[in-house]
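Visitor: Before we discuss terms, I would like to see what we are talking about. Please show me the sequence and the structure.

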Amino acid sequence: MRAAPTILHLDMDAFYASVEQASKPSLRGKAVIVGGLGPRGVVATASYEARRFGVHSAMPTAQARRLCPNGAYLIPRFTLYRQVSDVVMAMLRELSPLVEPLSLDEAFVDLEAGGVAFDAGSARATGERLRADIRAATGLSGSVGLAGSKMLAKVASEEAKPAGLLLIEPGTERELLAPMSVRTLPGVGPATGEHLRRAGITTVGELVEAGEDELVRMVGRAHGTGLYRMALGLDDRPVVAERDAKSVSVEDTFDVDLHDRVRIRGEVQRLADRCVQRLRGSGHSGRTIVLKVRRYDFSTLTRSETLRGPTDDAAVVREAAARLLEAVDTTGGVRLLGVGVTGLADYTQEDLFAQSLAAEAEAADEGAGTDGTGGTAAGAEPDAADGGAGAQEGSEPPAEAQGAPGRRWVAGSDVRHVLYGPGWVQGSGVGRVTVRFEQPGSEPGRVRTFRVDDPELEPSDPLPLVGDTD
């Protein structure tokens with residue numbers, strides 16, 4: 001616990017939805033929900049306007065539609081979100097060498113390590129300057145928390161939302177925390193929160209009153225001791241500079257369970273190709289291929305195969321994934337498939353053909369993979385973000401959903417028309433697609449309707465939120 005509030009926590013406000021509002025002028029000030037759009041879709045992020053209707057992340061999209069029927073429901077565009085995140089994270093690294101990203105839109109920064117703040121005054125000035133710089137560079141708002149520990153800095157940024165800054169002066173922690181819900185503290189989820197509620201403990205102040213011995217008796221020694229320290233505002237965890245990704249993965253949740261084995265094999269091959277694209281894009285290769293299968297009954301199986309050396313060859317990854325699939329019983333149907341690569345390296349095995357044959361021989365001798373419990377790899381969000389359009393970070397909508405084969409257009413996707421320029425899909429159906437032609441910084445644009453196979457309408461890359469959009 002530091003004597004000065006020089007640990008900063010930045011949390012971008014309703015990040016995915018705010019990016020969509022910034023890039024689509026007609027949606028500013030309106031309810032925007034980003035997530036999977038299919039029957040099994042889940043909300044990834046809701047704008048503050050949508051939250052007034054009770055919509056929140058991890059909620060089924062179908063439920064969100066009932067609560068907010070007039071909201072704009074859009075697929076996530078992770079390519080754009082990552083681009084904006086890169087801009088923000090670069091700003092944080094200018095402040096300090098110790099930046100600990102938690103996600104695309106959230107990070108801790110050790111201001112003292114960067115020599116930019118040593119007391120409350122300089123920390124506040126740095127936080128205000130950061131918020132202004134982010135607004136100028138991206139057009140988005142972020143909330144900043146400043147405190148003497150990571151836990152308190154995160155609490156402060158949450159209290160500052162939206163678009164605010166809160167500094168917790170050392171020595172005022174207990175007074176600030178006392179009236180807050182126990183769910184405010186890290187590690188207190190629904191189960192622990194309910195357990196404490198039944199014991200008559202609902203606030204942080206009541207945790208302190210209960211005492212360490214009572215908390216240890218209720219939730220165990222390790223958790224009880226840690227909970228008591230946090231309730232006192234004690235947290236000595238350092239800000240740890242970002243670590244390299246340990247794995248790369250992609251996955252898709254399907255609107256309807258897949259039963260056809262040929263279709264399942266085809267989806268696994270497609271996922272393997274997408275995974276290799278991401279792998280190469282990150283400048284890595286990997287040694288262990290992982291297949292994730294969630295069946296009709298929500299049971300999830302993970303199979304893995306370790307090669308003789310690291311690879312970034314799509315054929316090798318496809319072959320390994322196919323072998324792993326052969327060991328999985330898909331009777332009854334499959335609702336989610338994923339392919340990942342772990343054991344990342346910065347080089348590749350040169351004799352890929354020999355490696356593939358060796359791996360196949362090993363699989364024949366030893367069986368194709370073993371059970372695993374990991375399931376979600378770096379770059380993929382937990383199941384709360386799964387959706388019919390692949391609503392997890394690290395997974396783009398399938399190619400056919402972006403207007404490639406079959407000319408199917410999904411709400412929110414970027415397009416460009418030969419005559420009308422850039423726009424985005426508002427909806428499609430009955431052989432027609434409706435497009436609103438506007439771009440970041442413009443006035444709300446006009447809506448036009450085309451045939452889904454109109455040769456003058458094509459998918460396009462997202463435009464930058466700030467700067468040249470030609």
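Visitor: Which residues make the nonpolar surface patch?

Guide: V418, L419 and Y420 make the patch, which covers about 330 Å². This is a predicted model, in which local features need pLDDT of at least 70 and side-chain atom pairs count only at pLDDT 80 or more, while totals for chains, interfaces and linings use all residues. Residues are numbered from 1 along each chain as its sequence is written, and side-chain values use heavy atoms, with hydrogens and water left out.

Visitor: Why is L419 called exposed?

Guide: The relative accessible area of L419 is 62%, and exposed means over 50%, buried under 20% and partly exposed in between (1.4 Å probe, protein chains only), so L419 counts as exposed. L419 lies in the loop between β14 (414–417) and β15 (421–429), where strands are DSSP runs of E with at least two residues, numbered from the N terminus.

Visitor: How do you know that β10 and β12 pair?

Guide: Two strands pair if DSSP finds at least two bridges between them; β10 (residues 285–295) and β12 (residues 334–345) have 10 bridges in the antiparallel sense, and therefore they meet the definition. R295 stands opposite V334 in β12.

Visitor: What makes β10 and β11 a pair?

Guide: They share 8 bridges, again in the antiparallel sense, with I289 opposite E305 in β11. In their hairpin, which has 4 residues between the strands, F298 takes a positive phi near 75°.

Visitor: What makes β10 mostly covered?

Guide: Of the 11 residues in β10, 10 are buried.

Key:
Patches are made of residues with over 30% relative accessible area and no salt bridge: like charges are joined within 9 Å, nonpolar side chains (Val, Leu, Ile, Met, Phe, Trp, Tyr) within 5 Å. Accessible areas come from the Shrake-Rupley method with a 1.4 Å probe; for residues, only the protein chains shown count as cover. A salt bridge is a side-chain nitrogen of Lys or Arg within 4 Å of a carboxyl oxygen of Asp or Glu.
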